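Please consult the sequence and the structure shown below. The paragraphs that follow lead through the sheet and then through its aromatic side chains.

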Amino acid sequence: DLVGSAVASFDLVGSAVECLSNDTLLGNVLTPAGCARRCRSTPGCEFFVSGFGDKAGRCYQEYTANETCIEGWEVDLYDFYKLNDSPADTPVDGG
């Protein structure tokens with residue numbers, strides 16, 4: 001399953017916030033890194049949120065134009081991340 005093995009580099013942009021842009025559920029994952037891998041394997045995905053607390057495991061793609069979230073922010077049980085530019089098929093040493 002390439003979704004689980006793809007390498008994805010990402011940066012935290014905002015804590016305990018969700019962008020008010022449209023979004024799509026990418027699935028339920030255990031960690032932000034797992035959510036980043038889902039995003040990396042989804043065409044056009046650049047930004048995502050990963051839930052915590054009562055929303056732990058929820059992973060959504062955010063359809064905002066940039067990391068400033070021009071649509072505005074709301075306080076929520078999500079952390080907002082940006083994928084870094086790196087190919088999805090970067091080989092992992094020993095993999």
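Which residue in E7 does Phe 48 stand opposite? In this predicted model, the residue opposite Phe 48 is Tyr 81. The two strands concerned, E4 (residues 47-51) and E7 (residues 78-83), pair in the antiparallel sense over 5 bridges.

These strands belong to an open sheet of 5 strands, arranged in the order E1-E7-E4-E5-E3 with antiparallel pairing. Strand E1 (10-14) and strand E3 (23-28) form the edges, each pairing on one side only. On average, neighbouring strands are turned by 30° against each other, direction ignored. Helix H2 (residues 32-40) packs on this sheet and touches E1, E3, E4, E5 and E7; the direction of H2 makes about 145° with that of E4.

Because Phe 10 lies in strand E1 and Tyr 81 in strand E7, the pair ties together parts that are 71 residues apart in sequence. Phe 10 is partly exposed, at 26% relative accessibility, whereas Tyr 81 is buried, at 8%. Ring pairs also link Phe 10, Phe 48 and Tyr 81 into a cluster.

Another aromatic pair, Phe 47 with Phe 80, is stacked, with 5.8 Å from centre to centre and 15° between the planes. Phe 47 lies in strand E4 and Phe 80 in strand E7, 33 residues apart. Phe 47 has a relative accessibility of 3% and therefore counts as buried; Phe 80 is buried as well, with a relative accessible area of 0%.

Key
Residues numbered from 1 in each chain as written. Predicted model: local features only at pLDDT ≥ 70, side-chain atom pairs only at ≥ 80, totals over all residues. Heavy atoms only, no water. Pairing = 2+ DSSP bridges. Helix = DSSP H or I, 4+ residues; strand = E, 2+ residues; numbered from the N terminus. Axes fitted to C-alpha atoms, helices over the stretch in contact; angles between N-to-C directions. Contact = heavy atoms within 4.5 Å. Buried < 20%, exposed > 50% of the residue type's maximum accessible area, 1.4 Å probe, protein only. Phe/Tyr/Trp six-rings, centres within 6.5 Å; stacked < 30°, edge-to-face > 60°.
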